[in-house]
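Me: I would like to go through this model with you, one question at a time.

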Amino acid sequence: MRKRYSRNFDQIQEIVRDTGQFFEQEHIDESLRMKVDLSVEELFVNMVSYNTETDQDILIEMQPIDHGIEVSLTDFDVERFDPTLAADVDIDAPLSDRSPGGLGLYLVLKMADSIHYQYHDRKSKITFTNRVAAE
Amino acid sequence: MFEIGFNDKGDVAVSGRLDAAQAARAQDFLDKVSERCVIDMAELEYISSAGLGVLLRTHKRLMSGEAGLELINVNKHIADIFRYSGFDKLFDITVI
């Protein structure tokens, strides 16, 4: 799958639908679906929310790999922002010290089996994989 | 598709997908709650950090009045998200 989406949260519904079709077509294990949906949403929302200097669409690519899936999101004409360097979240902090900020990227880093960031010619590309755990 | 409302027991019932596109609607609803509140998540299929933020903001507001949220009938996938987020230490949670 290779498709561009406009910079709008309303696109999440279409992304979820397209992801579901891709899983079905490529016979990707459904147990990975929640992790993939969540990581794609968090990265997409992060790009839409913080890369406000561009109005270009965001490219999402998916391809099957052994026992799993590889997903890339590319944002065009933006500054460098490496989500793999996102600050850690103290999940043991008391309620009074907790805030929603930073939780999205933290979850992506927690759930991806691998994650890789590339920045070149003002193109910001993040790629992650999810595989079915070996039994 | 995301739905939020009160069920027959007077609990808040949520269903569908609580994502970034739906978080504002969920927040608007929960902002009207002023007492301890049970959220039945039996029909909730998915939650992202935007939804977690709604729960956290509401829980903090209610806890300041010694109330808070209780999350019941949470499915295994969402329970995993709560565990990754440390929400299992902040909320009363009952997993299906």
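Me: What percentage of the 135 residues of chain A count as buried?
Reply: This is a predicted model, in which local features need pLDDT of at least 70 and side-chain atom pairs count only at pLDDT 80 or more, while totals for chains, interfaces and linings use all residues. Residues are numbered from 1 along each chain as its sequence is written, and chains are lettered from A and ligands numbered from 1 in the order in which they are written. A residue is buried if 20 or more other C-beta atoms, placed from the backbone, lie within 10 Å of its own, exposed if 12 or fewer do, and partly exposed in between. By that criterion, the buried share of chain A is 29%.

Me: How many residues of helix 2 of chain A are buried?
Reply: Helices are DSSP runs of H or I with at least four residues, strands are runs of E with at least two, and both are numbered from the N terminus. Helix 2 of chain A covers residues 33–50 and is mostly covered, the buried count among its 18 residues being 14.

Me: In what order do the elements of chain A run from the N terminus on?
Reply: Chain A holds three helices and five strands. Read from the N terminus, their order is β-α-α-β-β-α-β-β.

Key: Expected span 1.5 Å × (residues − 1).
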